[in-house]
Amino acid sequence: MRPKNFTHVSKSRWVLLCIFCVAAAPLNGQTVADGIAAVEAGRLDDAVRILSEVVQRNPDSSECHFYLGLAHFRAGRSAAARPFLERAAALTPTNAQVWKVLGLVTTSSGDLDRAATSLGKACELAPRDEEACYYLARNLYALGHYEAARAPFEKALRAAPRTMAAKVHRAMALNFAALGSPAEAERHFVKAIQLAARPLRDAEDPRIDFGAFLFRQGSTEAALRPLQQAVEDVPSSARANLELGRVLLHLDKLDAATACLEKAVRLAPANFDAHLLLGRAYLRLGRTREGELEMRLGQEGWAGKR
């Protein structure tokens with residue numbers, strides 16, 4: 001992966017353009033092109049070794065710093081990646097790809113405010129880059145800046161290929177729900193469900209989010225359909241079983257609720273909400289001893305997280 005505004009040229013010309021990166025290297029030394037090739041081949045430790053040497057010889061090469069930071073990031077070393085990407089951004093402040101990767105690295109380290117700044121620059125420089133604008137909007141959503149997230153979400157949706165559109169619609173629905181705009185939220189949930197491929201990952205299934213949203217809106221019966229579809233398609237989804245169990249419990253369908261919640265607990269034993277809901281179901285069925293045990297597990301679990 002090369003930064004988008006680092007020239008789109010042939011391989012031979014690419015090497016010529018990068019020759020300044022290795023001018024001080026011995027004739028048999030390795031070059032930035034070797035480091036890039038190692039990154040793209042997934043040989044990340046080799047890439048770090050090669051690019052570390054090249055960066056020492058060429059401390060003002062944005063490209064060398066970018067790929068060294070990228071190699072560290074792909075190897076799961078965000079802390080090591082960050083200074084190289086910050087240097088690359090300082091050297092080429094109009095390079096959207098550098099800002100995007102820096103934003104992703106900063107997000108992974110938990111510094112969402114700084115990440116939003118970097119991703120904001122990436123989205124501004126490349127508004128047709130659906131990833132940069134999407135990640136910016138998601139960061140703003142995570143920070144509770146729901147109104148500010150609307151514009152980058154719209155940019156991401158305009159730029160998104162069909163394969164990504166469902167993900168963007170789902171995130172926009174969650175943002176509108178947080179803004180207290182239920183009609184807009186429902187519109188985007190429905191669109192996300194229509195566009196989503198099957199099977200869906202547990203954490204990204206818009207049917208689960210839509211069912212939970214409808215339940216919170218008081219549309220309990222309507223919440224059943226998307227949640228039942230999610231459980232039918234992916235029976236191993238802890239989240240789908242939990243949310244369906246919650247709705248069934250509210251509708252006083254105790255046996256069906258208990259079955260879903262027991263499965264949710266088996267699939268995700270550290271989910272304390274599942275324990276609490278299962279405890280309530282057991283108590284309402286007269287299974288007092290089991291109910292009290294599940295309630296205690298849930299309460300103690302949440303107390304331990306405080």
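**Briefing: cores, disulfide and helix packing**

Thr106 is buried, its relative accessible area being 2%. The structure is a predicted model. A search of the whole of it finds 1 disulfide, between cysteine sulfur atoms. The largest nonpolar core has 48 residues, and a second, separate core has 27.

- Thr106 belongs to helix H6, which covers residues 96-108.
- With a relative accessible area of 2%, Thr106 falls under the 20% limit and therefore counts as buried.
- Beyond its neighbours within four places in sequence, Thr106 makes contact with Arg82, Asp111, Arg114 and Ala115.

**Nonpolar cores**

- Within the largest nonpolar core, of 48 residues, those with the most contacts are Tyr134, Phe153, Val168, Phe189 and Leu244.
- Helix H10 (residues 162-179) supplies the largest share of this core, namely 7 residues.
- A second, separate core of 27 residues has Ala38, Leu68, Val101 and Leu102 among its members.
- When residues up to four places away in sequence are not counted, Tyr134 touches Phe153, Ala156, Met164, Lys167, Val168 and Ala171.

**Cysteines and the disulfide**

- Cys123 and Cys133 are joined by a disulfide, with an S to S distance of 2.1 Å.
- The torsion about the S-S bond of Cys123 and Cys133 is about 100°, so this disulfide is right-handed.
- Because Cys123 lies in helix H7 (residues 112-125) and Cys133 in helix H8 (residues 130-142), the pair ties together parts that are 10 residues apart in sequence.
- Both Cys123 and Cys133 are buried.
- Cys64 is also buried, with a relative accessible area of 0%.
- Cys260, at 10% relative accessibility, likewise counts as buried.

**Packing of H10 against H11**

- Helix H10 packs with helix H11 (residues 182-195) at an angle of about 155°, and their axes are 8 Å apart.
- Since angles over 145 degrees count as roughly antiparallel, H10 and H11 are therefore roughly antiparallel to each other.
- The crossing in which H10 passes H11 is left-handed.
- On the H10 side, the contact is made by Arg162, Ala165, Ala166, His169, Arg170, Met172, Ala173, Leu174, Phe176 and Ala177.
- On the H11 side, the contact is made by Glu184, Ala185, His188, Phe189, Lys191, Ala192 and Leu195.
- Phe189 of H11 takes part in this helix contact and is also one of the residues with the most contacts inside the largest nonpolar core.

Terms used:
Residues are numbered from 1 along each chain as its sequence is written. This is a predicted model: local features need pLDDT of at least 70, side-chain atom pairs count only at pLDDT 80 or more; totals for chains, interfaces and linings use all residues. Side-chain values use heavy atoms; hydrogens and water are left out. Helices (H or I, at least four residues) and strands (E, at least two) are DSSP runs, numbered from the N terminus. Buried means under 20% relative accessible area, exposed over 50%, partly exposed in between (1.4 Å probe, protein chains only). Contact means heavy atoms within 4.5 Å. A nonpolar core is a set of buried Ala, Val, Leu, Ile, Met, Phe, Trp, Tyr and Cys residues joined through side-chain atoms within 4.5 Å. A disulfide is a pair of cysteine sulfur atoms within 2.5 Å. Axes are lines fitted to C-alpha atoms, for helices over the stretch in contact, and angles run from 0 to 180 degrees between N-to-C directions. Angles under 35 degrees count as roughly parallel, over 145 as roughly antiparallel, 65 to 115 as roughly perpendicular and the rest as oblique. A crossing is left-handed if the near helix is turned anticlockwise from the far one by less than a right angle, and right-handed if clockwise.
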